[in-house]
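Biologist: Put the model up and walk me through it, please. Start with the terms.

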Amino acid sequence: MSDGGGFVTLDDGTRWEVYLPDRPATDGWSADDVVLVRRRSAPVGEFDHLLVNGAARDSASVRFAGRAAPKRAEDGKP
């Protein structure tokens, strides 16, 4: 789910860049956590969304960073 706290990739394939001060929190998130995406009412620069992790009782400001490459099946087919 998390890439050293700098990026979070969700199950739907969306990839989010995490605002630098929030990276220590997201670094501890696990792939099993339920994370909601919300639009921030007051953006922090370009970080206009918020990821809310209910299990960790934590949130992080993020900006959309694209989609992750699709996972390939074991037999090499998409």
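Modeller: A residue counts as buried under 20% relative accessible area, exposed over 50%, and partly exposed in between, with a 1.4 Å probe and protein chains only. This is a predicted model, so local features need pLDDT of at least 70 and side-chain atom pairs count only at pLDDT 80 or more, while totals for chains, interfaces and linings use all residues. Residues are numbered from 1 along each chain as its sequence is written, and side-chain values use heavy atoms, with hydrogens and water left out.

Biologist: How many of the residues are buried?

Modeller: Buried residues are 29% of the 78 in the protein. The accessible surface is about 5,200 Å², and 49% of that belongs to carbon and sulfur atoms. That area is from the Shrake-Rupley method with a 1.4 Å probe; for residues, only the protein chains shown count as cover.

Biologist: Which strands does E5 pair with?

Modeller: E5 pairs with E2 (residues 14-18) in the antiparallel sense over four bridges. E5 also runs antiparallel to E4, with five bridges joining them. Two strands pair if DSSP finds at least two bridges between them.

Biologist: What do E4 and E5 form, and what sits in the turn?

Modeller: A hairpin, with four residues between the strands and Arg-57 in the turn. Arg-57 is in the loop between E4 (47-53) and E5 (58-67). Its phi is positive, near 50°, and Arg-57 is not a glycine.

Biologist: Is Arg-57 buried or exposed?

Modeller: Exposed, with a relative accessible area of 78%.

Biologist: Now the inside. Which residues make up the largest nonpolar core?

Modeller: There are nine: Val-8, Leu-10, Trp-16, Val-18, Trp-29, Val-35, Leu-51, Ala-60 and Val-62. E2 and E5 are the elements that give two or more residues to this core. A nonpolar core means a set of buried Ala, Val, Leu, Ile, Met, Phe, Trp, Tyr and Cys residues joined through side-chain atoms within 4.5 Å.

Biologist: What does Leu-51 touch?

Modeller: Leaving out residues up to four places away in sequence, the list includes Val-8, Leu-10, Trp-16, Trp-29, Val-35, Ala-60 and Val-62. Asp-58 and Ser-59 are also among them. A contact is heavy atoms within 4.5 Å. For the protein overall, 41% of contacts between residues at least 6 apart in sequence join residues at least 24 apart.

Biologist: How many aromatic pairs does the search find?

Modeller: Two. One is Trp-16 with Phe-64, edge-to-face, at 5.4 Å centre to centre and 75° between the planes. This pair links strand E2 to strand E5, 48 residues apart. Trp-16 is buried at 6% relative accessibility, whereas Phe-64 is partly exposed at 48%. The other pair is Tyr-19 and Phe-47, tilted, at 5.2 Å and 55°. Tyr-19 lies in the loop between E2 and helix H1 (23-27) and Phe-47 in strand E4, so this pair ties together parts that are 28 residues apart in sequence. As for the rule, rings of Phe, Tyr and Trp (its six-membered ring) pair if their centres lie within 6.5 Å; planes under 30 degrees apart are stacked, over 60 edge-to-face, and the rest tilted.

Biologist: And charges? How many salt bridges are in the count?

Modeller: Four, where a salt bridge is a side-chain nitrogen of Lys or Arg within 4 Å of a carboxyl oxygen of Asp or Glu. Glu-17 takes part in one with Arg-23, closest N and O atoms 3.5 Å apart, and in one with Arg-63, at 2.9 Å. Arg-63 lies in strand E5 and Glu-17 in strand E2, so the latter pair ties together parts that are 46 residues apart in sequence.

Biologist: What else does Arg-63 meet in a salt bridge?

Modeller: Glu-46, at 2.3 Å from N to O. Glu-46 is in the loop between strand E3 (35-44) and E4, 17 residues from Arg-63. Shared partners join Glu-17, Arg-23, Glu-46 and Arg-63 into one network.

Biologist: Which of those four is buried?

Modeller: Glu-17, at 18% relative accessibility. Arg-23 is partly exposed at 24%, as is Arg-63 at 23%, and Glu-46 is exposed at 56%.
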